[in-house]
Amino acid sequence: INMAMAGIVRHVSSLLSNKSSIIAGCIKRPLNIRLLHTSFSLFSSDDVSPRGPAYTTSMSGACIPANPEKLCPIYRILDNNGKILNTSEDPKLSNDLLLNLYENMVTLQIMDQYLYRAQRMGAISFYMTNFGEEGTHFGSAAALDPNDVVYAQYREAGVLMWRGFSLDDIMNQCFSNMLEGGKGRQMPVHYGSKALNFHYISSPLATQMPQAPGYAFGLKQSGSKNCVICYFGDGAAQEGDAHASMNFAATLGCPVIFMCRNNGYAISTPIEDQYAGDGIVRRGLGYGMEAIRVDGNDILAMYNATTYARKVCVEEHRPVLIEAMTYRLGSHSTSDDQEQYQDMEQVEYWRRNLYPATRLKLYLIEKEIWDEEKEEELAKRVDREIKASFQKARKVKKSPIDEMFNDVYDVPSKRLLQQQQELWNHLDKYGQHYPIDNYAPSKK
């Protein structure tokens, strides 16, 4: 027994000194010491507590500073001019893949402009642009397997596009017409697709976060070689659900990537009014999970970070937290005005110097696989495709009115049927005051 105890002490001591860093010091592997997580141990010594950690007689040695002297660095590969900073970090993606990424980014930009204007015209009720954050979408999406499961917040349209969600799918959803997968019952931009392993978006903040580790735990139990990725913003990171989800994921060893898009604002609340510490990345250490801070506007860095995180999830059944440092160039949504709370000179600086699509474009030009003539041709083609899809979707009727009562219960309840009849009675009497002709016929 004494020999076993001595061996355990030596094992704990060696683990305490094991600190490895990956990707230029940006990813820190926390100590994977199950012994330290137990409430009591059968051994102790003058140097090691029964709880695991070593004793110290120095109070300063036992204190963790509230504000570390050195902020966690931001991992990047491309500089602001699209040049590789460290060739050993270049993922060496194929030209076809790089061009596909860029074309999708341009498509999302132009689509955002169309749908933003459509809301201002009254054609759709709501919209959220993705301006400035496209790198977080496509860089991460390209590193995933199609069978990996996505839980998104509401500003990740590019992830779904990369998986095959077409322009028609997007337009039908935003126009809430009868061809939309959710039968037009969701708000615009609340996308989803069972076929593409992308769970439907929910408006309440952070509700997707505790669901993600639950699904990931199921994948682990089934022996699957896939993982879950959960997107959320810096604002959602302040919700209680964020704490619960990360704690569960780390404790249960769930293969889930927590992807935080830190764009500087939670609607109109700047990050300095959200938290006092060094962002979101440092929280990983408290939960016992690896964490990476990455330049969210560098699509290659996003690709590398997500590739690494996925490897950890799938091969080691451990969660990883990624903090993607980006910047929201547009308003939070069509329901607010960014000029009331953002410094527009700062917005212009990010747009001019750090825009993710521009940096990728410069990289493609450097590789001699892109030029301004191709840029003009792409913009014209994408504009035509979006315009055609837009016009087609706006002409499609909305789902039958009685669809609002379907899919709530397997067998409609008496109260629900009563509410449905009350609606029919109301429309029989006042139907001329409603745009009923915009809806497909009900089965009534």
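**View 1. Arg155 and Glu133 meet in a salt bridge, 3.6 Å from N to O.** This is a predicted model, so keep that in mind for every view here. The pair joins distant parts of the chain: Arg155 sits in the loop between β3 (149-151) and α6 (157-163), while Glu133 belongs to the loop between α4 and α5, 22 residues away. Both Arg155 and Glu133 are buried.

**View 2. Arg310 reaches Asp148 through a salt bridge.** Here the closest N and O atoms are 2.6 Å apart. Arg310 is part of helix α11 (residues 299-316) and Asp148 is in the loop between α5 and β3, so this contact ties together parts that are 162 residues apart in sequence. Arg310 is buried, with a relative accessible area of 17%, and Asp148 is buried too, at 0%.

**View 3. Lys83 pairs up with Glu366.** In this salt bridge, the closest N and O atoms are 3.0 Å apart. Lys83 comes from the loop between α3 (59-62) and α4, and Glu366 from helix α13 (residues 356-366), so the bridge ties together parts 283 residues apart in sequence. Lys83 is partly exposed, with a relative accessible area of 39%.

**View 4. Gly132 and Gly330 are 7.9 Å apart in space, C-alpha to C-alpha.** Along the sequence, 198 residues separate Gly132 from Gly330. Look for Gly132 in the loop between α4 (95-121) and α5 (134-141). Gly132 is buried, at a relative accessible area of 2%.

**View 5. Val189 and Ala206 are both found in the loop between α7 and α8.** Val189 is not a glycine, yet has a positive phi of about 70°. Ala206, not a glycine either, has a positive phi of about 75°. Val189 is buried, with a relative accessible area of 1%, and Ala206 is buried with a value of 1% as well.

**View 6. This is the second largest pocket, with a volume of about 350 Å³.** Its lining has 17 residues, and Asn262, Met325, Thr326, Tyr327 and Trp350 lie nearest the centre. By type, the lining of this pocket splits into eight nonpolar, six polar and three charged residues.

**View 7. Tyr430, Tyr434 and Ile436 make a nonpolar surface patch of about 270 Å².** Tyr434 lies in the segment after α15 (414-430). Tyr434 is partly exposed, with a relative accessible area of 42%.

Methods. Residues numbered from 1 in each chain as written. Predicted model: local features only at pLDDT ≥ 70, side-chain atom pairs only at ≥ 80, totals over all residues. Heavy atoms only, no water. Patch = residues over 30% accessible without salt bridge, like charges linked within 9 Å, V, L, I, M, F, W, Y side chains within 5 Å. Areas by Shrake-Rupley, 256 points an atom, 1.4 Å probe, with all protein chains shown as cover. Salt bridge = Lys/Arg side-chain N within 4 Å of Asp/Glu carboxyl O. Helix = DSSP H or I, 4+ residues; strand = E, 2+ residues; numbered from the N terminus. Buried < 20%, exposed > 50% of the residue type's maximum accessible area, 1.4 Å probe, protein only. 1 Å grid on protein atoms, 1.4 Å probe; cavity = no way out; pocket = protein on both sides within 12 Å on 5 of 7 lines; lining within 4 Å. Points joined across faces, edges and corners; volume = space filled by probe spheres on them. Nonpolar A, V, L, I, M, F, W, Y, C, P; charged D, E, K, R; others polar.
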